[in-house]
Amino acid sequence: LNRLRQSMGDPLFEKTASGVHPTARAREIWSAIQPHFQAMEQAISPENFDPDTYSGAFTIAMSDYSAERVMPRLAQYLSDHARTMRIDLVPYGVENLPDMFDRRGVDLAIGGYVNDGSSGSGIRMRELWPIHWSCLMRRSNPLAKGALTLDRFLAARHLDVRCPDMQVPIYDSLLTTRGHRRNLVLTLNAYTSALAIIGQSDFIGVLPTTLLDLTIYENQLVSRPPPIPMPVRPYCVIWHRRLENNPAHRWLRQAIISLFPQPPRRKVARKRVA
């Protein structure tokens, strides 16, 4: 205790008429280190895990698409079952998941999964629902009427969303393998802004169909199958195997999975009518 007092420059504890109590500085220090202390305690004695009293923090990587769909349910669930658990969201980098887990302190990722094919990456995943893709445009766009031929499609003004660490949008990689190149004019870092732009301009975008379920622009947009379809991709909870048996991590994973026993409402990729 004397060594601590000397290094901290504070008595830390003091005698009062009602006994020994921590100083204001000691309470401040404990407030800062308590979550880390509890996290170490859970790692050493996992059988003591209790979501009602757990105050550790989890860093979760997800896009704005994921945050809109997952966080409202998860935030309410944590309010009911784990009120002191803390969540920190960071951007989702789909092409470099091992690095996110190894070097960037990410505990969990939620999003579309692309198998990087590297042996020994340690990535584990559980699918929540499939992601279907559509060509989205506003109702007054000339492409909303008539046949959406490949030539008309490729020549249109396209926008797309590129996640962190992604060299090119996923759909452009697909087109390249087919020997095609589209007129990609605008690359964004968020899905919400993509729909706002499409709803107010003649831009089109090949994007997840379920984006239409939560946007205020739903009635202004048309959904059509692109001439070159985007393969269905699994939307997953993703983690590293080193956290496979961590009790707090396992509890959070299972909570998220339990909140989505069925995929969210999905609209068929076809022209939408009023």
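The largest cavity in this predicted model holds about 200 Å³ of space. In total, two cavities of 30 Å³ or more are counted. A search of the whole structure also finds five salt bridges, and among the residues involved, Asp160, Asp172 and Arg182 are linked in a network.

**The largest cavity**

- The lining of the largest cavity comprises 20 residues.
- Trp133, Cys163, Ile170, Tyr191 and Arg233 are the lining residues that lie nearest the centre of this cavity.
- By residue class, the lining of the largest cavity divides into 14 nonpolar, four polar and two charged residues.
- Both helices and strands contribute: α3 (64–81), β5 (108–112), β8 (158–161), α6 (170–177), β10 (205–208) and β12 (233–240) each supply at least two residues of the lining.

- Arg182 and Asp172 form a salt bridge through their side chains, with an N to O distance of 2.6 Å.
- Because Arg182 lies in the loop between α6 and β9 (184–188) while Asp172 belongs to helix α6, this pair ties together parts that are ten residues apart in sequence.
- Both partners are buried: Arg182 has a relative accessibility of 5%, and Asp172 has a relative accessible area of 14%.
- Asp160 joins Asp172 and Arg182 in the network of salt bridges.

- Glu28 pairs with Arg25 in a salt bridge whose closest N and O atoms are 2.4 Å apart.
- The two residues are three positions apart in helix α2 (residues 24–44), so about one helical turn separates Glu28 from Arg25.
- Glu28 is partly exposed, at a relative accessible area of 48%.
- Arg25 is likewise partly exposed, at a relative accessible area of 34%.

**The salt bridge between Arg69 and Glu68**

- A further salt bridge joins the side chains of Arg69 and Glu68, at 3.7 Å from N to O.

- Side chains of opposite charge can pair when their charged atoms come close.

Definitions and conventions. Residues numbered from 1 in each chain as written. Predicted model: local features only at pLDDT ≥ 70, side-chain atom pairs only at ≥ 80, totals over all residues. Heavy atoms only, no water. 1 Å grid on protein atoms, 1.4 Å probe; cavity = no way out; pocket = protein on both sides within 12 Å on 5 of 7 lines; lining within 4 Å. Points joined across faces, edges and corners; volume = space filled by probe spheres on them. Helix = DSSP H or I, 4+ residues; strand = E, 2+ residues; numbered from the N terminus. Nonpolar A, V, L, I, M, F, W, Y, C, P; charged D, E, K, R; others polar. Salt bridge = Lys/Arg side-chain N within 4 Å of Asp/Glu carboxyl O. Buried < 20%, exposed > 50% of the residue type's maximum accessible area, 1.4 Å probe, protein only.
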